[in-house]
Amino acid sequence: MNDPIEGNLARVRERIALAAQRVGRSPSEITLVAVTKTRPPEDLVAAYRAGLRDIGENRVEEAAAKKPLLDLAGLTWHLVGHLQSRKARQAIDLFDVIHSVDSVKLARKLDALAAERGRAIPILLEVNVSGEETKYGLPLGDRGAFEVAVSEIAVLSHLRIDGLMTVASVARDPEEVRPVFARLRVLREELQSRFPRAGWQHLSMGMTDDFSVAVEEGATMLRIGRAIFGPRE
Ligand SMILES: *Cc1c(COP(=O)(O)O)cnc(C)c1O
């Protein structure tokens, strides 16, 4: 089999290792989430054969369509795209980790559903660091309001806050987004001391165009699509 996914993945892993080395981190602290949106199930199988076990999708419907077609043991499914409250029920049945909790309303809905099921679900809080109107995420602009939102989510006993997630802007030079990643890292430290009951161990940041910089700034989860699977149509 001459699947480009295997070679692409080897190159991605090499770049992660180099970036980690530059800042004295171990690549083993970093989870590579293969973002398979728009990709056919065969690509997921190829990624699985190449050793990937963490799959990211950005839409509930797409995961619902693909998952039954796959018979692969030991996968962890990550929802990385915006989640509407009305799809929360379907989302927690399909996904193991939700990276995109971006409102108190959504968090309360997920908490209630998790309580019904008698389990706790791992989530990340999505933060809109840059404050762009077009972006999802809890806005950081009004720091007081942000902390109130976090405190309201932190008390929900069936959610486990594992950390923070952000999507940086598209930039020609990945150095332009370094301050966004650095900001998220500092924010996590601040929240850790304000809300010590939550775990806060993860920083989900870094995609195809900026993952090396994200690793240098402390990312523990990279969400990578095109560098593994090739350009999307
Ligand atoms: C599509 C997507 C990714 C992966 O993007 P690439 O540029 O293909 O690596 C990561 N995170 C989110 C939220 C996405 O929607």
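Modeller: A crossing of two helices is left-handed if the near helix is turned anticlockwise from the far one by less than a right angle, and right-handed if clockwise. The model discussed here is predicted.

Colleague: Which hand does the crossing of helix 6 and helix 7 have?

Modeller: The crossing of helix 6 and helix 7 is right-handed. Helix 6 spans residues 143-154 and helix 7 spans residues 178-194.

Colleague: What makes helix 6 oblique to helix 7?

Modeller: The two helices pack at an angle of about 55 degrees, with axes 12 Å apart. Roughly parallel requires an angle under 35 degrees, and roughly perpendicular requires 65 to 115. Helix 6 is therefore oblique to helix 7. In this contact, R143, F146, E147 and V150 of helix 6 meet R183, L187, E190, L191 and R194 of helix 7. These residues comprise 4 nonpolar, no polar and 5 charged.

Colleague: Why are helix 5 and helix 6 called roughly parallel?

Modeller: The axes of helix 5, residues 104-116, and helix 6 cross at roughly 5 degrees and come within 10 Å. Angles under 35 degrees count as roughly parallel, so helix 5 and helix 6 receive that description. On the side of helix 5 the contact involves V104, A107 and R108, and on the side of helix 6 it involves A149, E152 and I153. Of these residues, 4 are nonpolar, none is polar and 2 are charged.

Definitions and conventions:
Residues are numbered from 1 along each chain as its sequence is written. This is a predicted model: local features need pLDDT of at least 70, side-chain atom pairs count only at pLDDT 80 or more; totals for chains, interfaces and linings use all residues. Side-chain values use heavy atoms; hydrogens and water are left out. Axes are lines fitted to C-alpha atoms, for helices over the stretch in contact, and angles run from 0 to 180 degrees between N-to-C directions. Helices (H or I, at least four residues) and strands (E, at least two) are DSSP runs, numbered from the N terminus. Angles under 35 degrees count as roughly parallel, over 145 as roughly antiparallel, 65 to 115 as roughly perpendicular and the rest as oblique. Contact means heavy atoms within 4.5 Å. Ala, Val, Leu, Ile, Met, Phe, Trp, Tyr, Cys and Pro count as nonpolar, Asp, Glu, Lys and Arg as charged, and the others, Gly among them, as polar.
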